[in-house]
Amino acid sequence: MKVLVTSNSFGKFSNQAKELLEKNGFEVVLNKYKRIMNKEEFIGEIADAEAVILGTEILDEAVLKKAPKLKMVSRYGVGIDNIDTAYLEKYDIGLTVTKNSNNEAVADYTVALMLDVCRGVSYADRMLRTEGWKKKEGIDLCNKKVGIIGLGAIGKEVAKRVKGFNCELLAFDLFYDEDFCTKYNVKKASIEEILKEAEVITLHIPGDPSSQPLINQESIKQMKNDAVLINTARLQLVDDEAIKEALNSGKLFGYGVDAQLSVEDIDTDYYTMDNVTLTPHNAAVTVEASNKMSYISAKNVVNYLKNQGGK
């Protein structure tokens, strides 16, 4: 059985995941392009695969129709907004994710973005390399009121970390972990309350391409002046035009974003804005997270197709 692996960090630091698949009789085909494949390339590679360990390529109906042997999709990560889940369900194709494999990596990175935006670390580095001794006035992260929109696995890890900065925590979620909220003194709040009260807002909910952006012109109007916005979730959650306007007017102090899935997603206006920290979907890219995601995604293939016999 052929397993196509599209993620370029799969097995990068350990052979354990690949060996697990091969030991169970799978032929492992890695991404020969060493980058995110375009649709034509993806169709060519997935055509005879029975499973795919999927990175951030778009697995839509056009691709799936060209993959008649496909029995399951093992997402290398947790987001599934790049997958036509209705098609998978209709044709009884399995879907798994690598749950809890990169929570700590993304939480670390989220706090790193908070610090970078507040203190201008990457900006100061750029200036020193290109223009010389040029300092930037920042704001403290410590003692800020931090609003976490999405108190799931990653949001909780962010809460733990910023608690160490003596931050006051507000959080929105559909289902709260009451014990966690009590332990870390998290105030349950509506999105509207977070927008109005928080000085730093961080997004940790799924994106929905069919819905209106959560952060738009109206919601930004509700925010405090000089608020900091962090997005390590998805671009669909924000209106880039509204954010740029708020950054240019000074309404937002800064924006840290790692939510784009490819370079084509980036609004290039951000390249010239000194109050934006922009990174290439880098939050989950650590040795430890890569090893976890690789092994879990491989194990999910084995469990689904081998141990359970597929469908």
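**View 1. Five strands form an open, parallel sheet in the order β2-β1-β3-β4-β5.** In this predicted model, local features need pLDDT of at least 70 and side-chain atom pairs count only at pLDDT 80 or more, while totals for chains, interfaces and linings use all residues. Residues are numbered from 1 along each chain as its sequence is written, and side-chain values use heavy atoms, with hydrogens and water left out. Strands are DSSP runs of E of at least two residues and helices are runs of H or I of at least four, numbered from the N terminus; two strands pair if DSSP finds at least two bridges between them. Because β2 (27-29) and β5 (94-96) stand at the edges with a single partner strand each, one side of each is left without a neighbour in the sheet. Strand β1 (residues 2-5) pairs with β2 in the parallel sense over three bridges, and Glu27 in β2 is the bridge partner of Lys2.

**View 2. Helices α2 and α12 lie against the sheet.** Contact here means heavy atoms within 4.5 Å, and angles, from 0 to 180 degrees, are taken between the N-to-C directions of axes fitted to C-alpha atoms, for helices over the stretch in contact. Helix α2 (residues 39-46) touches β1, β2 and β3 (51-54), its direction making about 160 degrees with that of β1. Helix α12 (residues 287-307) lies across β1, β3, β4 (72-75) and β5, and runs at about 160 degrees to β4.

**View 3. Lys2 and Asp48 meet in a salt bridge, with N to O at 2.6 Å.** A salt bridge is a side-chain nitrogen of Lys or Arg within 4 Å of a carboxyl oxygen of Asp or Glu. Lys2 lies in strand β1 and Asp48 in the loop between α2 and β3, so the pair ties together parts that are 46 residues apart in sequence. Residues are called buried under 20% relative accessible area, exposed over 50% and partly exposed in between (1.4 Å probe, protein chains only); Lys2 is buried at 12%, whereas Asp48 is partly exposed at 37%.

**View 4. Glu197 and Lys145 form a salt bridge between distant parts of the chain.** The N to O distance is 3.9 Å, and the pair links Glu197 in helix α9 (residues 191-197) with Lys145 in strand β6 (residues 145-149), 52 residues apart. Both side chains belong to partly exposed residues, Glu197 having a relative accessible area of 24% and Lys145 one of 21%.
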